[in-house]
Amino acid sequence: MSWVTKTLSSTLGRKLIMALTGLFLILFLTGHVSGNLLLFKNDGGQAFNIYAKFMTTNPAVKLLSYLTYISVIGHVIYSILLSQLNKTARPVGYAETKSSKNSSSASRNMGVLGTIILVFLIIHMQSFWYQMHWGDLPIVSYDGEEYKDLFSIVSFAFQSELMVIGYVIAMGFLGFHLSHGFASAFQTLGLNHKKYSPAIEGLGKIYSILVPILFASMPVYIYFTSLS
Ligand code: HEM
């Protein structure tokens, strides 16, 4: 077995893959939430549609997209492999567990939270990403150039109470997942230092509250503006 295969099949190797893919997805979410803020611009979706075209056609961004897909798939597969390895190492479990004292509920439920986010992601990709790439979207024209009207699909989706409630709940789960995942990734990579750990933990807390709130505010904003 080469050292690469050996590392990737060890607990530490699998944790490293989880940490690296997780950190990449944190970067992706930062970019995604920032770009989607254009949904708040009161211009009938022009800035958002121009941004969506750039994000789906620019070669450098396309490369980042492929890295995102690989990271999502890798993060999911390695979470399953890691939990299998943990079960083989400790098939019966500890006789006495004081888990609620020793760890947060988010850290004990990362698998459940991750599964809920995966279900959200499948619905999300079908609703928007699939439509942008292969759907029959209306075409709009700005300054003589044609664009797919992704804004109309997004604003139509968020006129449904069920979608809005589903998104808000899913963002709550995302927040809990990130609240443990953020600091945990740095710890796995050995970047926990007495001096920097409190700052990383603080940043993780702010991130895991701010990003889900910003995401959740988009469907809520679109829903209420569509009523008026
Ligand atoms: C209200 C919040 C959100 C809105 C309005 C939104 C909107 C969109 C839209 C319109 C697309 C298709 C455009 C494209 O393909 O680039 C997209 C793609 C995507 N979204 Fe979201 N999104 C939201 C939240 C999220 C969250 C929380 C996640 C992850 C947990 C996520 C993950 C993705 C991924 C992985 C893609 C594919 C990106 C790519 O092809 O590079 N989105 N989103």
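1. Burial first: a residue is buried if 20 or more other C-beta atoms lie within 10 Å of its own, exposed if 12 or fewer, and partly exposed in between, with C-beta atoms placed from the backbone. This is a predicted model: local features need pLDDT of at least 70, side-chain atom pairs count only at pLDDT 80 or more, and totals for chains, interfaces and linings use all residues. Residue numbers start from 1 along each chain as its sequence is written.

2. Helix α10. Helices (H or I, at least four residues) and strands (E, at least two) are DSSP runs, numbered from the N terminus. Helix α10 covers residues 197-227, 31 residues in total. From first C-alpha to last it reaches 46 Å, close to the expected 45 Å; the expected span is 1.5 Å times one less than the number of residues. Buried in α10 are Gly 204, Ser 208, Val 211, Pro 212, Pro 219 and Ile 222. These buried residues pack against α2 (11-36), α8 (150-157) and α9 (161-188). Contact here requires C-beta atoms, placed from the backbone, within 7 Å.

3. Nonpolar core. A core is a set of buried Ala, Val, Leu, Ile, Met, Phe, Trp, Tyr and Cys residues joined through C-beta atoms within 7 Å. The largest one has 25 residues, and Ile 117, Leu 150, Ala 170, Phe 173 and Leu 174 have the most contacts inside it. Elements giving two or more residues to this core are α2, α3 (46-57), α7 (110-134), α8 and α9. The largest share, 12 residues, comes from α9. Leaving out residues up to four places away in sequence, Ala 170 touches Ile 116, Ile 117 and Phe 120.

4. Ligand shell. The ligand is surrounded by 20 residues (C-beta atom, placed from the backbone, within 6 Å). The closest are Ser 65, Phe 128, Trp 129, Phe 215 and Met 218. Two or more residues each come from α2, α3, α4 (59-89), α7, α8, α9 and α10. Helix α7 gives the largest share, 6 residues. By class, the shell has 14 nonpolar, 6 polar and no charged residues. Ala, Val, Leu, Ile, Met, Phe, Trp, Tyr, Cys and Pro count as nonpolar, Asp, Glu, Lys and Arg as charged, and the others, Gly among them, as polar.

5. Val 76. This residue lies in helix α4. Val 76 counts as partly exposed because it has 17 C-beta neighbours inside 10 Å. C-alpha to C-alpha, Val 76 and Trp 129 are 19 Å apart in space, and 53 residues apart in sequence.

6. Strands β1 (residues 139-142) and β2 (residues 145-148) pair in the antiparallel sense over 4 bridges; pairing needs at least two bridges found by DSSP. Ser 141 stands opposite Glu 146 in β2. With 2 residues between the strands, the hairpin has Asp 143 at a positive phi near 50°.

How values were computed
Contact = placed C-beta atoms within 7 Å.
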